[in-house]
Amino acid sequence: DLEKAKESLVKYSDDWHKENKLWYLLLNHENFDSICLYLNILDKSILVNDKSKCLEYIEKIKYTLDNILENEKCDFSHIM
């Protein structure tokens, strides 16, 4: 349902923009910029009813978030 998707995206995007301000200053901001770009593309894909593009960018957002978590882990493999 694209209408529910649009509502969810607006809520998620608002939350994202509120939360990322602090993290943007502390962590590598390239991934945050990518997520903002992907959110914009996802929004436009919902508007034109392109479900495959929507799914593609949802996966890109999830993958980028996973990369942020992985890159900022504090363990021995990331120290050396």
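This is a chat about a predicted model of one protein chain.

Colleague: How many helices and strands are there in the chain?
Modeller: There are 4 helices and 0 strands. Along the sequence the pattern reads α-α-α-α.

Colleague: What does the C-alpha trace span along its principal axes?
Modeller: About 45 × 25 × 15 Å.

Colleague: And how many residues count as buried, as a percentage?
Modeller: The chain has 80 residues, and 24% of them count as buried.

Colleague: What about contacts between residues at least 6 apart in sequence? What share joins residues at least 24 apart?
Modeller: That share is 54% of those contacts.

Colleague: Let's go inside. Which residues touch the most other members in the largest nonpolar core?
Modeller: The core has 13 residues, and the ones that touch the most other members are Leu 9, Trp 16, Ile 35, Leu 39, Leu 42, Ile 46 and Ile 61. Helices α1, α2 and α3 are the elements that each give two or more residues to this core. Helix α2 gives the most, with 7 residues.

Colleague: Take Trp 16. What is it in contact with, leaving aside neighbours within four places in sequence?
Modeller: Trp 16 is in contact with Phe 32, Ile 35, Cys 36, Leu 39 and Leu 65. Among these, Ile 35 and Leu 39 are also on the list of core residues that touch the most other members.

Colleague: New topic, pockets. What volume does the largest one have?
Modeller: The volume of the largest pocket is about 270 Å³. Its lining has 15 residues, and those nearest the centre are Ala 5, Leu 42, Ile 46, Cys 54 and Ile 58.

Colleague: Which elements give two or more residues to that lining?
Modeller: They are α1 (2-26), α2 (29-47) and α3 (51-71). The largest share comes from α3, with 7 residues.

Colleague: Now salt bridges. How many does the structure hold?
Modeller: It holds 6 salt bridges. The general idea is that side chains of opposite charge can pair when their charged atoms come close.

Colleague: Give me one in α1. Where do Asp 15 and Lys 11 sit?
Modeller: Both are in helix α1, 4 residues apart, which is about one turn of the helix.

Colleague: Is Lys 11 buried or exposed?
Modeller: Lys 11 is exposed, because its relative accessible area is 55% and the cut-off for exposed is over 50%. Asp 15 has 32% relative accessibility, so Asp 15 counts as partly exposed.

Colleague: Where is Asp 43 found, and is it buried or exposed?
Modeller: Asp 43 is found in helix α2. Its relative accessible area is 16%, and buried means under 20%, so Asp 43 is buried.

Colleague: What does Asp 43 touch, not counting residues up to four places away in sequence?
Modeller: Asp 43 touches Lys 6 and Leu 9.

Colleague: What about the loop between α2 and α3? Which residue there has a positive phi?
Modeller: Asn 49 is placed in that loop. Its phi is near 60°, a positive value in a residue other than glycine.

Colleague: Last one, Asp 1. Where is it found?
Modeller: Asp 1 is in the segment before α1. With a relative accessible area of 68%, Asp 1 is exposed. Asp 1 and Asn 40 are 39 residues apart in sequence, and their C-alpha atoms are 19 Å apart in space.

Methods
Residues are numbered from 1 along each chain as its sequence is written. This is a predicted model: local features need pLDDT of at least 70, side-chain atom pairs count only at pLDDT 80 or more; totals for chains, interfaces and linings use all residues. Side-chain values use heavy atoms; hydrogens and water are left out. On a 1 Å grid over the protein atoms alone, a cavity is a set of points where a 1.4 Å probe fits but cannot get out, and a pocket is an open set with protein on both sides within 12 Å along at least five of seven lines; lining residues have an atom within 4 Å of a point. Grid points are joined across faces, edges and corners, and a volume is the space filled by probe spheres set on the points. Buried means under 20% relative accessible area, exposed over 50%, partly exposed in between (1.4 Å probe, protein chains only). Contact means heavy atoms within 4.5 Å. A salt bridge is a side-chain nitrogen of Lys or Arg within 4 Å of a carboxyl oxygen of Asp or Glu. A nonpolar core is a set of buried Ala, Val, Leu, Ile, Met, Phe, Trp, Tyr and Cys residues joined through side-chain atoms within 4.5 Å.
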